[in-house]
There are 2 protein chains.
Amino acid sequence: MVITGRLIGVGVGPGDPDLITMKAIKVLRNAPAVAYISANGRPSMARYIAAQYLGGSAKEIKITLPMHPSSEIADAAYGEGASRISADLEQGRDVAVLCEGDPLFYGSFGHLLDRLRGQYPVEIVPGVSSVMAAAAAAEQPLAYAAEAFSVLPATMSEEGLSTRLKASDAAVIMKLGRHLEKVRSVLEKQGLMERAIYVERVTGPEQKVMPLSELDHADTPYFSLILVTRQ
Amino acid sequence: MVITGRLIGVGVGPGDPDLITMKAIKVLRNAPAVAYISANGRPSMARYIAAQYLGGSAKEIKITLPMHPSSEIADAAYGEGASRISADLEQGRDVAVLCEGDPLFYGSFGHLLDRLRGQYPVEIVPGVSSVMAAAAAAEQPLAYAAEAFSVLPATMSEEGLSTRLKASDAAVIMKLGRHLEKVRSVLEKQGLMERAIYVERVTGPEQKVMPLSELDHADTPYFSLILVTRQ
């Protein structure tokens with residue numbers, strides 16, 4: 001009988017290493033192997049957050065993804081990452097996959113889970129999402145009891161964003177990157193600029209929080225978002 | 001010169017005391033006063049989670065709300081709660097408001113913040129939401145990169161739920177309580193029953209996770225929700 005390792009998705013929170021949970025810390029302290037995504041070979045934020053909690057001898061599995069991969073390239077990278085994780089699981093080693101924010105909320109972990117589920121025991125440690133952290137930084141309630149709340153990727157079409165914003169009482173628009181002008185135009189047409197707050201690199205040392213109307217540059221980093229809430 | 005205390009909204013996570021963040025623990029250890037909502041005078045889950053981290057001498061401010069208050073009654077209760085918190089802040093004492101899940105995501109803290117903001121320094125510690133914890137329990141990704149995700153209170157009208165579900169790639173329907181049959185009917189009409197997972201009392205000792213189609217009772221607790229995700 002071979003006992004395989006567990007696949008553990010670990011949310012390490014939005015950036016501030018203190019926004020990690022006790023449960024994640026306990027998993028990291030004992031993890032014999034950790035895996036993480038590195039976009040474009042750049043240092044992984046999740047790896048940075050987890051670093052201070054990891055045992056010294058944890059094996060590291062770095063999965064490299066290009067910055068804006070085609071779905072074929074992403075598919076191949078997740079497939080290769082899943083096989084490398086699988087090799088450790090087969091040897092009975094637990095593998096903790098380090099996930100910025102929460103593992104199952106717009107992260108890469110879902111793609112690894114989809115490839116490995118059913119074959120290995122799975123455990124998932126939820127984490128604090130950048131959406132909740134952005135609301136905390138802006139001191140702005142995301143949603144009240146009876147409200148409909150949406151999370152919309154800025155990559156959607158102008159029409160798609162527009163329709164869904166109209167059906168929402170409050171929203172977060174994520175992954176702004178190069179889509180800021182399109183998003184600004186949608187918000188202006190719906191008279192929502194006054195309710196829009198821009199948040200960049202939330203909880204990190206370079207965090208910025210400001211009314212969207214005061215943002216004067218067009219090139220926003222990938223890790224930026226807009227809150228549209230009741231004010 | 002009088003130095004007032006800070007109003008601190010502290011997310012303590014969805015139920016499992018290990019799903020609290022390091023940051024929340026640090027705040028609770030030093031909090032001279034804590035406030036929390038008690039629905040119908042019942043024990044507060046947030047108070048229970050925080051208990052093991054609180055210093056022994058913290059003053060407690062219990063704010064009682066009836067179970068399904070009218071907006072006038074809720075208004076009066078939040079108003080009275082805010083004044084009691086205010087009295088401590090005026091004496092220079094920090095008050096940590098204990099919030100289940102995240103403080104600004106469908107919680108009561110927004111109502112207290114709205115009444116006290118601008119008068120006192122504010123700090124907010126985001127927490128793990130029951131939405132992310134439910135996805136972790138179900139081992140089901142909530143949303144992938146390009147998807148539109150909605151959070152919908154089951155208290156909405158059938159038409160409101162229906163329209164918004166159609167515009168979403170994935171959704172969570174919260175606060176089920178007595179609204180299960182309405183929600184089930186909406187999901188059936190859109191052919192979504194196969195994608196619906198029911199989660200009750202997430203991360204607690206009595207947690208239940210099952211396909212919605214296998215749920216055979218109609219009276220669901222308030223702390224239950226349905227995930228509708230890509231499968």
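Predicted model: local features only at pLDDT ≥ 70, side-chain atom pairs only at ≥ 80, totals over all residues.
**View 1. Relation between chain A and chain B.** Two copies of a chain are related by a rotation about an axis and a shift along it. Here, chain B is superposed on chain A by a rotation of 180 degrees with 0.0 Å of shift along the axis, at an RMSD of 0.0 Å. This is the relation of a two-fold axis. Of the interface residues of chain B, 100% are also interface residues in chain A, so the copies meet through the same surface.

**View 2. Interface of chain B and chain A.** Chain B contributes 50 residues to the contact, and chain A contributes 50 residues. About 4,200 Å² is buried between chain B and chain A, and carbon and sulfur atoms give 62% of that area. Leu104(B), Met132(B) and Glu139(B) supply 14% of the area that chain B buries against chain A, more than any other three residues.

**View 3. A salt bridge between the chains.** Four salt bridges are found across the interface of chain B and chain A. The pair shown is Asp16(A) with Lys23(B), whose closest N and O atoms are 3.6 Å apart.

View 4. Ten strands form an open sheet with mixed pairing, in the order 9(A)-8(A)-10(A)-7(A)-6(A)-6(B)-7(B)-10(B)-8(B)-9(B). Its edge strands are strand 9 (208–211) of chain A and strand 9 (208–211) of chain B, each of which pairs on one side only. From one strand to the next, the twist averages 15 degrees.

**View 5. Strands 7 and 10 of chain A, with helix 6.** Strand 7 (residues 170–174) and strand 10 (residues 224–228) of chain A run antiparallel and are joined by three bridges. Ala171(A) has Val228(A) as its bridge partner in strand 10 of chain A. Helix 6 (residues 158–166) of chain A packs on the sheet, where it touches strand 6 (149–153) and strand 7 of chain A. The direction of helix 6 makes about 170 degrees with that of strand 6 of chain A.

**View 6. Helix 5 of chain B on the sheet.** Helix 5 (residues 130–138) of chain B lies across strands 6 (149–153), 7, 8 (196–200), 9 and 10 (224–228) of chain B. Helix 5 runs at about 65 degrees to strand 10 of chain B.

View 7. Ser168(B) is located in the loop between helix 6 (158–166) and strand 7 (170–174) of chain B. With a relative accessible area of 13%, Ser168(B) is buried, because the cut-off is under 20%. Not counting residues up to four places away in sequence, Ser168(B) touches Ala148(B) and Ser150(B).

Methods: Residues numbered from 1 in each chain as written. Chains lettered and ligands numbered in written order. Heavy atoms only, no water. Helix = DSSP H or I, 4+ residues; strand = E, 2+ residues; numbered from the N terminus. Buried < 20%, exposed > 50% of the residue type's maximum accessible area, 1.4 Å probe, protein only. Contact = heavy atoms within 4.5 Å. Least-squares fit on C-alpha atoms with pLDDT ≥ 70 in both. Pairing = 2+ DSSP bridges. Axes fitted to C-alpha atoms, helices over the stretch in contact; angles between N-to-C directions. Buried area = accessible area lost by both parts, 1.4 Å probe. Salt bridge = Lys/Arg side-chain N within 4 Å of Asp/Glu carboxyl O.
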